[in-house]
Amino acid sequence: PAAGVGLKRRKPTPLENLPEPPQCPLDGDYTIFAVGRGGTGVVTFSHLLAYAAMIEGKYVYLSNDTGLAQKGGPVEAPIVISAEAQPVFNRLFPGSVDLYLGFDVLRSAEPQNLQYVSPERTRALVSTAQVPTAEMNRRPRQRAFPEVDALLALIEGHTRKEGNVYLDTYGLAEKLFADILYANMLLMGAAYQAGCLPVVAESIEAAIQLNGKEVENNIQAFRWGRLAVADPARVEKV
């Protein structure tokens, strides 16, 4: 846009009274491993989820490994939630993750991340948006983006294939809000509606309120992410 002219964000139809998903059981510790790159929203997601859990009186361990996050580098967030006692955490162990949350499909398919999931235990919720790396942008002819189907097949080979959910969060955020900023909240909503987050929606929305940034749009993005699982045909039509 020209200097001094801002892009007006689109406001999709507000959503109310969404169907409640199956409750996510919380027997002992529940472990979430969120992976992405700087700018994909991993840190925001992890803090909002931690606050939502604490609002409900649950115990949380959270450690964000941001590295070169501000430069598009790798970001990981192991999150452990318990209803009984403060989780004692040293590091993730192979096969110990209940929910594998991928904010970037390339990072989600990396072997060093997949070592922590299990075909018997882990459900995966992954954004399928094709976000090129810096190297791909610099050398597009030499470094093409891998086939997304091949990346997803790799993820499915290590997780509970029948319970996985895939969502083009960037495309959906752009079409609904004219801003990819809300891609992470869409993925959070999808994870909640798939029955993969051990907190209630009211607590997540209360955490968004406490965060105080773009509250209305972030709550609506969370709800539209829920609808993408509850009624994908309706979302596609919109």
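Glu214 is placed in the loop between helix H8 (201-211) and H9; helices (H or I, at least four residues) and strands (E, at least two) are DSSP runs, numbered from the N terminus. The model is predicted, so that local features need pLDDT of at least 70 and side-chain atom pairs count only at pLDDT 80 or more, while totals for chains, interfaces and linings use all residues. Residues are numbered from 1 along each chain as its sequence is written, and side-chain values use heavy atoms, with hydrogens and water left out.

The phi angle of Glu214 is near 45°, a positive value in a residue other than glycine. With a relative accessible area of 40%, Glu214 is partly exposed; buried means under 20% relative accessible area, exposed over 50%, and partly exposed in between (1.4 Å probe, protein chains only). A positive phi, near 55°, is also found at Ala178, again a residue other than glycine. Ala178 sits in the loop between helix H6 (169-177) and H7, and its relative accessibility of 39% makes it count as partly exposed.

Helix packing was examined next. Two packed helices are described by the angle between their axes and the distance between the axes. Axes are lines fitted to C-alpha atoms, for helices over the stretch in contact, and angles run from 0 to 180 degrees between N-to-C directions. H6 and H7 pack with their axes 8 Å apart and at an angle of about 110°. H6 and H7 are therefore roughly perpendicular to each other, on a scale where angles under 35 degrees count as roughly parallel, over 145 as roughly antiparallel, 65 to 115 as roughly perpendicular and the rest as oblique. The crossing of H6 and H7 is right-handed; a crossing is left-handed if the near helix is turned anticlockwise from the far one by less than a right angle, and right-handed if clockwise. On the H6 side the contact is made by Thr169, Tyr170, Leu172, Ala173 and Leu176, and on the H7 side by Ala183, Leu186 and Leu187, where contact means heavy atoms within 4.5 Å. By class, these residues of H6 and H7 divide into seven nonpolar, one polar and no charged. In this classification Ala, Val, Leu, Ile, Met, Phe, Trp, Tyr, Cys and Pro count as nonpolar, Asp, Glu, Lys and Arg as charged, and the others, Gly among them, as polar.

Helix H7 (residues 183-193) also packs with helix H9 (residues 215-230), the axes coming within 6 Å and crossing at roughly 45°. H7 and H9 are therefore oblique to each other, and their crossing is right-handed. H7 contributes Met185, Leu186, Met188, Gly189, Ala190, Tyr192 and Gln193 to the contact, and H9 contributes Asn218, Ala221, Phe222, Trp224, Gly225, Arg226, Val229 and Ala230. The contact of H7 with H9 comprises 10 nonpolar, four polar and one charged residues.

In a further helix pair, the axes of helix H1 (residues 42-55) and H8 come within 8 Å and cross at roughly 115°. The crossing of H1 and H8 is right-handed. Leu48, Tyr51, Ala52 and Ile55 of H1 meet Ser203, Ile204, Ala206, Ala207, Ile208, Leu210 and Asn211 of H8. The H1 contact with H8 has nine nonpolar, two polar and no charged residues.

A pair of aromatic rings is described by the distance of the centres and the angle of the planes. Rings of Phe, Tyr and Trp (its six-membered ring) pair if their centres lie within 6.5 Å; planes under 30 degrees apart count as stacked, over 60 as edge-to-face and the rest as tilted. The count by this rule comes to six aromatic pairs. The ring centres of Phe33 and Tyr116 are 5.5 Å apart with planes at 85°, so the pair is edge-to-face. Phe33 in strand E1 (residues 29-37) and Tyr116 in the loop between helix H3 (111-114) and strand E5 (123-127) are 83 residues apart, and the pair links these distant parts of the chain. Phe33 and Tyr116 are buried. The aromatic pair of Tyr192 and Phe222 is tilted, with 5.8 Å centre to centre and 55° between the planes. Because Tyr192 lies in helix H7 and Phe222 in helix H9, the pair ties together parts that are 30 residues apart in sequence. Tyr192 and Phe222 are both buried. Phe33, Tyr100 and Tyr116 are linked into a cluster by ring pairs.

Gly28 lies in the segment before E1 and, at 24% relative accessibility, counts as partly exposed. Its C-alpha atom is separated by 7.0 Å from that of Glu84, 56 residues apart along the chain. Not counting residues up to four places away in sequence, Gly28 touches Ile81, Ser82, Ala83 and Glu84.
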